[in-house]
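Subject: Structure handover

Hello,

Here is the structure I said I would pass on. My notes on the contact between its chains follow below.

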Amino acid sequence: MTYIYYPGCSLEGTAAEYSISTMALFETLGIELIELDDWTCCGATAAEGVSHLLSFALPARNLAMAEKMKAKSDILVPCSACYLNLKRVEQGIKDDHSLLRKINQVLEADDLVLKGTVRTRHLLDVLVNDVALDDIASKIVRSLEGFSIAPYYGCQCLRPYAVFDDPEAPRSMESLITVAGASVYPWDMGGRCCGASLMSTAPEAGIELVAALLEGAQGADAIVTVCPMCQMNLEAYQKKASKQHHTHYEVPILYLPQLLGLAMGLTDDQIRLDMNLCVPGSFREKLANTLQPA
Amino acid sequence: MEPAVDTQTAAPDRSLIKKLAPARKQLLACIQCGTCSGSCPNADAMDVSPRYLWRLLLTDNAEEIFKTRTFALCSTCYTCTLRCPRGLQITDAMSLLKQVAASENLPLYKRSIRFYQSFMESVRRHGRVREMEFMTLYFMSMKNPVIPLKFTPLGMRLMAKRKVSVEIPSKGTQKLDAMFRKAREIEEQS
């Protein structure tokens, strides 16, 4: 299996450990990821805030680049915001030819043309639908028994396009958590919003959403995410949320490939837990005690 | 309880109303059921509910729409879009309102407008967003020394992890400038 890999801007910076662990995971699974040539920003939620056309043209540029590499291919996207932006173009041009025409007018300025032949896939979609669970199980060398993991999906890999999971009651991560030997922390907040860019533009509203999620996960050993924006919001504002709610939230927010990587016995350099902002001593201790070869 | 929408005294700002047409079109079939308001995770922080906002939109009450911060508090979670019994693209309509506010440069939304614009400026210059450059541009545009201070602790933590580094804004290669200009040209024509 081969995918064109679109890391997106966050995975080059604040979410570098997501990219590193993703590449290590897929290498372990024997799946080839080929980075998209000369990829550019998808527009995130910013493009939509200022220009309707650019919010389509920016992701479209990457789809056009992928078509140039291989006319029919799947693009694997780990970031949920990037995923949705690319998906929106893929879906939008299907029945709106005037949109496609306008997009191509813009792309012409960069000598590119979009036809609409490549498919955008979220990392989680690929892991649950293209990779056999047995193949993942066969790579597990250390059981994460005793760990209770809260699966957190966020919004944009689930909505508005219900491609691979229930958009309100998602469960796709559960089999991956249990195959790693951990148990699924029971909560119903996996598809709730983390506040996204409100943490910067309206923090007084954003912090409430972050706090509700941290409160909901009290009792879990870690929250596992598949989105760099969710990860950052939940990880970076724990002190602030604790202060406002007169409590003490301290929970690691891992990327799904980091969790699987731990169970697969990948090296520290492949998982890069040291890059996460919040890994409490108690979590490290539990890891050290649990991670005996199975 | 929200006041009834006054359809008589709505200010007839024709140019704004024209700009609102694409959003209005998205909401034409709204039945005012309030599922969007009940589903919105940020409804508590909004000054008027999404349902009320749509009524203002359908009655062309541009003046009242741009007194509320409701659409600026949309975090694009798509729960309303998913649940709308009329299948309306509500989140897209919220974005269309954000775009009108940005094109009019309305002071009430300065914070989110500058935030998005700074992000896009970094993308225009380099093709990919440079997180520290983007934040620096944002702080410079806000001309408010308190805002950077609020972000400093997080910035320091990210720098300590070598995830970001101090970046002086630079012109870059103007990588996406041609596309940005073309998009603007097309949008100004329509």
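A:Asp38 and B:Lys175 form a salt bridge through their side chains, with N and O 2.8 Å apart. A:Asp38 sits in the loop between strand 2 (32-35) and helix 2 of chain A, and B:Lys175 in the loop between helix 10 (146-160) and helix 11 of chain B, so this pair joins two chains. Please keep in mind that the model is predicted.

A second salt bridge to look at is that of A:Glu12 with B:Arg128, where the closest N and O atoms are also 2.8 Å apart. Between chain A and chain B the count is four salt bridges; over all chains it comes to 26. Polar contacts across the interface of chain A and chain B amount to 20 residue pairs, both residues being at pLDDT 80 or more.

On the side of chain A that touches chain B, the elements giving two or more residues are helix 2 (46-50), helix 3 (52-69), helix 4 (80-92), helix 5 (97-107), helix 9 (198-201), helix 10 (203-216) and helix 11 (228-236) of chain A. Helix 3 of chain A provides the largest share of that side, six residues. By type, the residues on this side of chain A are 30 nonpolar, 16 polar and 13 charged.

As for the interface as a whole, 59 residues of chain A are in contact with 49 residues of chain B. About 4800 Å² of area is buried between the two chains, and carbon and sulfur atoms give 64% of that area.

The axes of helix 5 of chain A and helix 11 (residues 177-189) of chain B come within 8 Å and cross at roughly 140 degrees. Angles over 145 degrees would count as roughly antiparallel, so at this value helix 5 of chain A is oblique to helix 11 of chain B. From helix 5 of chain A, the contact involves A:Lys102, A:Gln105, A:Val106 and A:Leu107, and from helix 11 of chain B it involves B:Met179, B:Lys182, B:Ala183 and B:Ile186. The residues of this contact divide into five nonpolar, one polar and two charged.

Finally, chain B itself. Chain B has eleven helices and zero strands, and its pattern along the sequence is α-α-α-α-α-α-α-α-α-α-α. The C-alpha trace of chain B spans about 55 × 40 × 30 Å along its principal axes.

Regards

Conventions
Residues numbered from 1 in each chain as written. Chains lettered and ligands numbered in written order. Predicted model: local features only at pLDDT ≥ 70, side-chain atom pairs only at ≥ 80, totals over all residues. Heavy atoms only, no water. Contact = heavy atoms within 4.5 Å. Buried area = accessible area lost by both parts, 1.4 Å probe. Polar contact = N/O pair within 3.5 Å; in protein donor to acceptor, adjacent residues only side chain to side chain. Helix = DSSP H or I, 4+ residues; strand = E, 2+ residues; numbered from the N terminus. Nonpolar A, V, L, I, M, F, W, Y, C, P; charged D, E, K, R; others polar. Axes fitted to C-alpha atoms, helices over the stretch in contact; angles between N-to-C directions. Parallel < 35°, antiparallel > 145°, perpendicular 65-115°, else oblique.
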